[in-house]
Amino acid sequence: MTRYEYGGDEFIFVELSEEMTLQSNFKAKAITEELRGRELPGIVDICPGNASYMIRFVPEEIHPDELIKILKKMEEEVSWKEMTIQSRIVDVPIFFDDPWTHEVLMRFRGNHQDPESTDLDYAARINGYDSKEELIKAITDAPYLVSMIGFVPGLPWCYQMVPQDRQIEVPKYVRPRTFTPERAFGFGGAFAVIYPVEGAGGYQLFGTAAAPIFENEQKNKDFKDDITFPRQGDIFRYRSIGREEYDEIREKVEAGQFEYLIKDFSYKPQDVLEDPDAFSEDVIRRLYK
């Protein structure tokens, strides 16, 4: 059942589901897009989440009870099944089991559920894979929906577009690390993330993204209009690369010559839910053709 909550004097939080599903994310996207289109007076900001959304408003211009009444009616009337999502498919190269995140995760073994293992080996075991190579293959076989941007500017929360029983899931560290490298590729719950900048963190560390998702200097083409790259609704295909390709990409990034492989793409949520395997194949075919 949907939960509507007041957040102080200026915010309303709406939780559509306690668990993350593609359906709940599509529903949040449909409602927030409809709300933007109505341009109601007093709405300052609309922030969609994984299975929820939050509204900032000016109480002198619109009463919170009136706003909640509007949102409840929208929940009944707006159908995510009929919407078309304008998206981008993006090739995101990841150097799995790289030396830099490996050094960090070994430094913080005392914070982990299994101090005798690595994050990749631990995640493979609890998800029923015989090796970390099998886990990496499962991560890269199907694309991910960028379901939310948050935690720090530009960090993409990515949910794999596969049936629920095939979702990879891992717990966060027992105690957070005090350091996580910039561009670290992590996994927590059912979400894959890339840390835009160095800092603390508690997600399992699987590798490093070769290219930035945050660039304050805006040197490279993908950052000319915005210092952050991901957008909610993007579809990321994480691709496993080796050290040689990683170094080549880093050279291009430092020279301001890197550009993500991107294909514009539109789809309906039902395309994903009715046959996720066919959808994944279509996404990957379109990206690399």
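# Briefing: residues and spaces in a predicted model

T32 sits in helix 1, which covers residues 22-38. The model shown here is predicted.

- Is T32 buried or exposed? T32 has a relative accessible area of 1%. Buried means under 20%, so T32 is buried.
- The side chain of T32 reaches back to the chain itself: the backbone oxygen of A28 is 2.8 Å away.
- Beyond the neighbours within four places in sequence, T32 is in contact with I46, P48 and Y53.

**The cavity**

- Rolling a probe the size of a water molecule over the atoms shows where empty space is left.
- How many cavities of 30 Å³ or more does the structure hold? The structure has one.
- The largest cavity has about 50 Å³ of space.
- Its lining includes D97, D98, T101, H102 and L105. T118, D119, L120, L205 and F206 also line the largest cavity.
- Three elements each give at least two residues to this lining: helix 3 (99-107), helix 4 (119-126) and strand 12 (204-209).
- Which element supplies the largest share? Helix 3 does, with three residues.
- Sorted by class, the lining of the largest cavity has four nonpolar, three polar and three charged residues.

**The largest pocket**

- The largest pocket holds about 290 Å³ of space.
- Its lining counts 15 residues. R88, D222, T228, F229 and R231 are the ones that lie nearest the centre of the pocket.
- Which classes make up this lining? Seven of the residues are charged, five are nonpolar and three are polar.

**The annotated domain**

- An unreviewed UniProt entry places the feature "domain: Carboxyltransferase" at residues 2-230.
- The span 2-230 is 25% helix and 29% strand.

**Q204 in strand 12**

- Q204 belongs to strand 12. Strand 12 is one of the elements that line the largest cavity.
- Q204 counts as buried because its relative accessibility is 0%.
- The side chain of Q204 makes a polar contact of 2.6 Å with the side chain of H112.
- A polar atom of the Q204 side chain also lies 2.8 Å from the backbone oxygen of P171.
- What does Q204 touch, not counting residues up to four places away in sequence? Among them are H112, Q113, D119 and Y122. V170, P171, K172 and Y173 are touched too, along with F185, G186 and F187.
- One of these partners, D119, also lines the largest cavity.

- Most residues other than glycine have a negative phi.
- F151 is not a glycine, but has a positive phi of about 75°.
- F151 lies in the loop between strand 6 (144-149) and strand 7 (156-160).
- R183 is not a glycine either, and has a positive phi of about 70°.
- The loop of R183 runs between strand 8 (177-180) and strand 9 (184-188).
- Buried or exposed? F151 is exposed because its relative accessible area is 62%. R183 counts as buried because its relative accessibility is 10%.

**T180 in strand 8**

- T180 is found in strand 8. A relative accessible area of 0% is why T180 is buried.
- The side chains of T180 and R177 are joined by a polar contact of 3.0 Å.
- How many residues separate T180 and W100 in sequence? They are 80 residues apart in sequence, and 9.8 Å apart in space, C-alpha to C-alpha.
- Not counting residues up to four places away in sequence, T180 touches Y195, V197, E198, G199, A200, G201 and L205. L205 is one of the residues that line the largest cavity.

**L273 in helix 7**

- L273 belongs to helix 7, residues 269-274. With a relative accessible area of 27%, L273 is partly exposed.
- L273 and L22 are 251 residues apart in sequence. In space they are 8.0 Å apart, C-alpha to C-alpha.
- Leaving aside neighbours within four places in sequence, L273 is in contact with L22, Q23 and W80.

Definitions and conventions: Residues are numbered from 1 along each chain as its sequence is written. Side-chain values use heavy atoms; hydrogens and water are left out. Helices (H or I, at least four residues) and strands (E, at least two) are DSSP runs, numbered from the N terminus. Buried means under 20% relative accessible area, exposed over 50%, partly exposed in between (1.4 Å probe, protein chains only). A polar contact is a pair of N or O atoms within 3.5 Å; within protein, one must be able to donate a hydrogen and the other to accept it, and residues adjacent in sequence count only if both atoms are side-chain atoms. Contact means heavy atoms within 4.5 Å. On a 1 Å grid over the protein atoms alone, a cavity is a set of points where a 1.4 Å probe fits but cannot get out, and a pocket is an open set with protein on both sides within 12 Å along at least five of seven lines; lining residues have an atom within 4 Å of a point. Grid points are joined across faces, edges and corners, and a volume is the space filled by probe spheres set on the points. Ala, Val, Leu, Ile, Met, Phe, Trp, Tyr, Cys and Pro count as nonpolar, Asp, Glu, Lys and Arg as charged, and the others, Gly among them, as polar. UniProt positions are given in the numbering used here, feature names are shortened, and annotations may be inferred rather than shown by experiment.
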